[in-house]
Amino acid sequence: MNIFKREMRANRKSLIIWCIGVLFIVGSGMAKFAALSNTGDSINKLMADMPSSLQALMGIGSLDLATVDGYFGLLYLYLVIMASIHAAMLGATIISKEERDKTAEFLFVKPISRTTVITAKLGASIVIVIVFNLVTLLCSIIFVDYFNKGDSVTSEVVLLMGGMFMMQLLFLFLSTAVAAFVKKPKFSIPITTGILLVTFIMSVGIDLKSNLDGLKYVTPFKYYEAKNLLHDGRFDGKFVVLSFLLMAASILTTYVFYRKRDLHI
Amino acid sequence: MVKNSMLGSEEKYGNTLKVLVVLSIKRGVDKMNVIEVKNLTKTYGKARGISDVSFNVEQGEVFGFIGPNGAGKSTTIRTLLSLIHPTSGSATIFGKDIIKDSPAIKKDIGYLPSEVFYYENMRVKDLLKYSASFYKKDCGKRMKELAKIMELDLNRKIDDLSLGNKKKVGIVQGLLHEPKLIILDEPTSGLDPLMQHKFFELLEEENKKGATILFSSHILSEVQRLCDRVAIIKEGKIIKLEKISTLKENNYKKIHIETTTEIGKDYFAIEGVTDLVVDRHKVDFLFKGDINTVMKKIATTPIVNIGVEEPDLEEIFMHFYEKEEAYEQ
């Protein structure tokens with residue numbers, strides 16, 4: 001419990017800054033919707049005229065930007081990228097920092113097993129990720145509701161945030177696994193952010209070239225896309241199963257490799 | 001091997017058990033080994049590491065671990081603390097395996113690393129409380145006592161402390177749970193002589209109370225003062241394991257003579273004399289053996305001045321090292 005508390009305290013400041021960032025993105029993003037919605041359907045025409053690669057990169061796809069949920073679906077992609085970066089950096093740092101800051105010689109000579117340390121750190125990062133998600137959810141509900149002139153879309157927002165939570169957990173555990181696996185702690189952040197970037201670009205590529213469709217199982221950015229969630233009104237079962245399998249494998253990797261690890265001091 | 005099987009004695013029955021009970025009673029008479037290292041090897045690629053290191057540290061002794069930088073002192077200590085895992089070989093502390101029983105062992109270990117690093121943005125008090133929270137006992141009183149002895153201000157931020165003061169935090173942190181085994185890795189760097197003195201007094205006190213101490217250093221004089229036995233490590237291998245008293249009492253005398261007349265270069269080249277330097281009227285050498293033979297030799301030549309000294313460990317050590325090197329070549 002003491003390690004858990006210590007981690008919560010150590011991450012408090014950065015979590016607050018991230019939450020302010022989310023508040024700003026949701027707020028300013030939805031404020032633009034107010035301007036867009038006055039132009040009627042012309043925004044969809046404008047977007048349709050853009051090159052398809054640009055459309056894919058911006059994550060527009062089949063979203064109807066004239067509706068509040070369609071527009072929020074576009075904003076959702078940016079929130080997901082932000083949340084994924086946050087989760088990946090959190091996971092990589094929380095595991096590597098004892099070695100990076102050379103506090104490993106303090107912590108790991110205490111009468112605790114490495115399993116205990118990992119459990120406390122994973123626990124703390126899950127709580128942090130939940131706080132991040134709840135803050136985003138709250139901001140989204142408030143701002144979407146404020147600019148919405150039609151029927152309530154709160155249930156859609158909650159569904160999307162559920163998808164974002166799955167993405168956060170995925171990248172959190174992937175990055176702890178990478179951090180436990182790599183020999184030198186300073187490489188854990190570059191590698192995890194690298195994975196993030198590659199999987200994101202892959203998801204854009206899949207949108208552009210239909211023959212790459214099989215790759216959608218490889219990149220988590222395809223698991224919980226706004227256009228699918230809004231269209232189906234629920235998660236795709238096979239992606240949920242795949243997510244849980246990936247998470248379980250990552251958690252296992254984290255424990256197994258961290259226990260065997262030669263701490264780099 | 002016998003000891004290993006004894007550890008698992010609970011599961012065994014009948015005659016085996018009786019024999020083992022007898023053995024353990026007999027063993028209780030002997031001094032128990034707090035640390036037993038058997039053929040410990042750790043290789044990092046091909047570069048650094050230790051190879052085939054074996055030694056025991058007895059209950060209640062102060063054991064010195066001596067060697068130049070990069071000889072493998074820290075590697076050995078970090079392996080004992082299971083911060084890194086051995087490539088081969090094994091070791092036990094308090095009779096328990098260093099890898100399997102690591103958390104249990106560490107309840108009674110206090111460790112002071114050569115360089116101390118702590119979490120950002122913490123006060124000394126907070127860090128010490130955090131450290132104490134890992135041990136299931138009340139360390140508050142001992143913490144205050146130690147801080148008083150080491151003149152450490154508990155309310156300051158660790159980030160603002162000087163190197164020496166950080167080291168003091170490390171000392172208090174390592175001793176506040178009253179460990180039975182204290183492991184020190186080059187503990188005096190950064191401490192001023194006065195604090196060093198207080199720290200050594202503190203260690204002597206802990207040792208009197210029953211704590212065993214493993215003390216690694218490259219400074220021989222501090223080892224000479226505290227330790228009962230030393231292991232000398234060089235390039236990852238233990239090259240000598242000796243009682244400090246034997247090492248010193250090796251009957252080496254450092255003799256300096258000034259004569260009235262110039263004497264022949266070979267005048268003192270008798271058995272037992274090493275490192276002979278003759279500079280006209282002045283003669284210096286180390287002598288080992290029957291002191292009477294050299295005294296008789298000195299008596300037959302008129303002298304102006306004579307000095308007979310116990311060589312310090314440094315000189316014996318250098319002497320030993322040089323010989324070792326010459327032998328290798």
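Me: A polar contact is a pair of N or O atoms within 3.5 Å, where, within protein, one must be able to donate a hydrogen and the other to accept it, and residues adjacent in sequence count only if both atoms are side-chain atoms. Across the interface of chain B and chain A, how many residue pairs are in polar contact?

Reply: This is a predicted model, in which local features need pLDDT of at least 70 and side-chain atom pairs pLDDT 80 or more, while totals for chains, interfaces and linings use all residues. Residues are numbered from 1 along each chain as written, chains are lettered from A and ligands numbered from 1 in written order, and side-chain values use heavy atoms, without hydrogens and water. With both residues of a pair at pLDDT 80 or more, the number found across the interface of chain B and chain A is 14.

Me: Which side chain of chain B meets A:Glu105 in a salt bridge?

Reply: The rule, a side-chain nitrogen of Lys or Arg within 4 Å of a carboxyl oxygen of Asp or Glu, finds 2 salt bridges across the interface of chain B and chain A. In one of them, with N to O at 3.1 Å, the partner of A:Glu105 is B:Arg78.

Me: About how much area do chain B and chain A bury between them?

Reply: Buried area is the accessible area (1.4 Å probe) lost on putting two parts together, summed over both. On the chain B side, B:Leu83, B:Tyr119 and B:Phe134 supply 31% of what that chain buries against chain A, more than any other three residues. Between the two chains, 60% of the buried area lies on carbon and sulfur atoms, and the total is about 2,300 Å².
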